Amino acid sequence: MAIPRQLPNAITVARIPLAVVFFIVLLLGGTYGIPDLTLRWIAGILFVIAISTDWVDGYLARRYDIVSDFGKLWDPIADKLLTGAGFIGLAILGELHWWLVVIILIREWGITVHRLMVASEHVVAAAWMGKVKTAVQGVALSWALLPLHVLIGLGPWTIVTAVLMIVVLVLTVASGIDYIVAQVRGSRQAS
């Protein structure tokens with residue numbers, strides 16, 4: 001079965017406006033100190049759907065051998081917009097500490113800016129550690145965004161959220177270091 005060559009890229013691009021809608025719904029569901037569980041469920045489900053498209057577009061591109069430079073560049077950018085919206089939204093709502101979000105965003109956007117700066121020379125695809133980091137961020141944010149505390153209790157939900165965010169922080173920093181080391185090695189070999 002053939003699929004349109006641009007389908008993986010279209011899925012990637014669709015993740016960008018979905019991130020905006022998710023962010024707005026998340027904030028609307030938590031404004032004025034009165035959380036709206038319906039909106040929170042909608043925001044959480046929108047995030048889960050959007051982050052799942054990351055796996056879908058990558059699978060289709062590899063399965064049908066239609067990996068493109070556009071996808072290699074824009075897939076990580078769409079991921080960072082979505083996860084960044086999740087981290088920032090949770091910090092605005094007072095559910096995550098800003099220091100954690102700032103560390104994560106500095107790593108994420110620093111690497112994104114670098115990728116954009118070198119895009120005219122070559123496209124830097126995501127490394128395995130970056131992919132693992134994104135997957136763990138997706139799981140952790142899904143857990144934190146879905147109001148599962150109404151089902152399992154606030155205590156257990158808070159503990160799991162804290163542990164997941166520590167794992168996210170460690171993987172985010174480690175994958176950032178891995179990216180920098182790989183780029184330095186690559187520039188030395190090119191010289």
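Q: How many cavities of 30 Å³ or more does the count come to?
A: Rolling a probe the size of a water molecule over the atoms shows where empty space is left. A cavity is a set of points, on a 1 Å grid over the protein atoms alone, where a 1.4 Å probe fits but cannot get out; lining residues have an atom within 4 Å of a point. A volume is the space filled by probe spheres set on the points, which are joined across faces, edges and corners. The count here is one cavity of 30 Å³ or more. This is a predicted model: local features need pLDDT of at least 70, side-chain atom pairs count only at pLDDT 80 or more, and totals for chains, interfaces and linings use all residues. Residues are numbered from 1 along each chain as its sequence is written, and side-chain values use heavy atoms, with hydrogens and water left out.

Q: Which residues line the largest cavity?
A: Its lining consists of Pro76, Asp79, Lys80, Thr83, Glu108, Lys133, Thr134 and Gln137. Two or more of these come from each of α3 (69-92) and α5 (128-145), helices being DSSP runs of H or I, at least four residues, numbered from the N terminus. α3 gives the most, with four residues.

Q: What is the volume of the second largest pocket, and which residues lie nearest its centre?
A: A pocket is an open set with protein on both sides within 12 Å along at least five of seven lines. The second largest pocket has a volume of about 230 Å³. Of its 14 lining residues, Glu95, Leu96, His97, Ala162 and Met165 lie nearest the centre. The largest share of the lining, seven residues, comes from α7.
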